[in-house]
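Have the model open and your selection tool ready. We will go from stop to stop, picking residues and looking at what surrounds them.

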Amino acid sequence: MVYPLLPAFITGVLGGGAAALGALDGAADAAAALVKVVAGRLADRPRLRGPLIVGGYFLAAAVRPIIALTAAAWQVIGLRVVDRLGKGLRTPPRDALIADVTPAPIVGRAFGLQRGLDHVGAVIGPLVAWWLLSNGADVRKVIVASLVPGVLVLVLALWAVRGGRRRDEAVGAQEPLPPPTGPYRSLSPAVIAIAFFYLLRMPETLMILRAQRLGIAVALVPLLWAALHVVRSSTSFVGGALSDRIGPSRTMWIGWLSYVALAAGMAFAASPLAAWVLFLALGIVAGLTESPERALVSAATGGRHGSGFGVYHGLTGVAALTGGIALGLIFQRVSGSTAFLVSAIGALGLAILWPFWTRLHRVPPP
């Protein structure tokens with residue numbers, strides 16, 4: 001409900017620029033990065049996963065509506081950072097739980113299911129926001145209304161945690177894992193390459209701003225965002241199944257090549273129709289990369305899924321901060337077209353190197 005409205009809120013209501021939007025995405029992801037590393041280490045203890053997940057949802061539900069009261073862009077960035085700290089708490093234990101209970105041959109499909117359902121939620125939220133805007137609510141009122149689903153998901157999280165505790169009691173406690181050999185045990189070659197993609201990828205807030213500047217009205221942005229997640233949801237299931245079929249490395253590589261073509265298209269787009277088509281097509285990239293990324297991380301952790309996913313989410317968050325600020329500055333000081341072109345060229349270089357990287361470092365599985 002909130003995220004697709006932030007570009008219009010910051011630039012239109014609060015008077016911020018593209019650099020502030022780049023910082024918004026990057027700072028939020030980077031602030032969560034350290035929390036994700038710590039939460040990942042704690043998530044190696046199954047008993048702590050429930051409190052981490054519930055605490056993460058509580059923090060987000062409590063902070064997000066306060067964005068409606070802000071009067072400056074830096075206040076939005078600060079609150080968004082706190083919101084993402086909640087995400088940092090809950091994401092590694094969630095991914096570790098999925099990896100632990102899923103048989104290896106279908107781990108791609110399992111994460112495809114999780115990502116697909118996550119994007120279904122991101123379809124419903126913007127549609128609710130669009131309905132509220134169409135019935136006279138302003139952006140601030142829509143942000144306040146996000147408190148309702150926030151409370152609902154907190155109740156669902158508490159219910160799920162109780163179910164998880166009953167399952168643990170039924171199957172018995174897991175054997176303790178051996179201690180890691182070093183603090184960066186989970187920093188695999190695959191995670192390093194994935195972090196470079198996050199460094200080069202255009203932040204979603206700047207994608208929305210580019211679409212607005214190509215002629216898409218602010219009132220239609222929630223619909224655009226919802227439609228994007230329809231594409232992401234449907235392709236997440238496909239991407240997960242394809243990851244199990246041809247391997248996560250190849251599937252992710254196809255996603256990177258898709259991003260190169262679509263980012264270049266956004267650089268040269270010149271009409272609202274082109275913005276609609278390319279923006280929605282960018283949803284395919286998430287479907288083809290998110291599930292394989294998690295499958296690669298799961299395969300490289302040696303059983304310590306909590307720590308592995310914590311490092312993965314943390315490193316990609318720092319990369320997103322650096323890339324978001326840099327691309328935001330290019331967007332603001334040069335042009336949106338140039339920023340997308342720089343992103344596409346960088347991602348093309350990464351895609352060219354990836355096959356050689358996988359052979360050199362024997363990235364598992366093939």
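Start by selecting Arg-201 and Tyr-198: Arg-201 lies over the face of Tyr-198, at 4.4 Å from the ring centre. Keep in mind as you look around that this is a predicted model.

Across the whole structure, a search finds six aromatic pairs. Zoom in on one of them, Trp-256 with Trp-354: the ring centres are 5.2 Å apart and the planes stand at 65°, so this pair is edge-to-face. Now colour by helix, and you will see that the pair links distant parts of the chain, with Trp-256 in helix α11 and Trp-354 in helix α15 (residues 336–361), 98 residues apart. Both Trp-256 and Trp-354 are buried.

Next, select Phe-309 and Tyr-312. Their planes are at 80° and their ring centres 6.4 Å apart, so this pair is edge-to-face. Here both partners sit in helix α14 (residues 305–333), three residues apart, which is about one turn of the helix. Are they buried or exposed? Phe-309 is buried, at a relative accessible area of 0%, and Tyr-312 is buried too, at 1%.

**Two histidines**

The side chains of His-229 and His-119 make a polar contact at 2.9 Å. His-229 is buried, with a relative accessible area of 4%, and His-119 counts as buried at 1%.

Which residues does His-229 touch beyond its neighbours within four places in sequence? They are His-119, Ala-122 and Val-123. Show Val-120 as well: its C-alpha is 6.6 Å from that of His-229, although the two are 109 residues apart in sequence. Then display the contacts of His-119 beyond four places in sequence, which include Arg-232, Ser-233, Ser-236 and Glu-290.

**Colour by confidence**

For the last stop, colour the chain by pLDDT. The average is 82, and 89% of the residues score at least 70. Confidence is highest in helix α11 (residues 248–268), at a mean of 93, and lowest in helix α7 (residues 147–171), at 74. Finally, select residues 175–184, where pLDDT stays under 50 and the model has eight contacts beyond four places in sequence. Where pLDDT is low, the predicted coordinates should not be read in detail.

Conventions. Residues numbered from 1 in each chain as written. Heavy atoms only, no water. Buried < 20%, exposed > 50% of the residue type's maximum accessible area, 1.4 Å probe, protein only. Contact = heavy atoms within 4.5 Å. Polar contact = N/O pair within 3.5 Å; in protein donor to acceptor, adjacent residues only side chain to side chain. pLDDT = per-residue confidence, 0-100. Helix = DSSP H or I, 4+ residues; strand = E, 2+ residues; numbered from the N terminus. Phe/Tyr/Trp six-rings, centres within 6.5 Å; stacked < 30°, edge-to-face > 60°. Lys NZ or Arg CZ within 6 Å of the ring centre and 35° of its normal.
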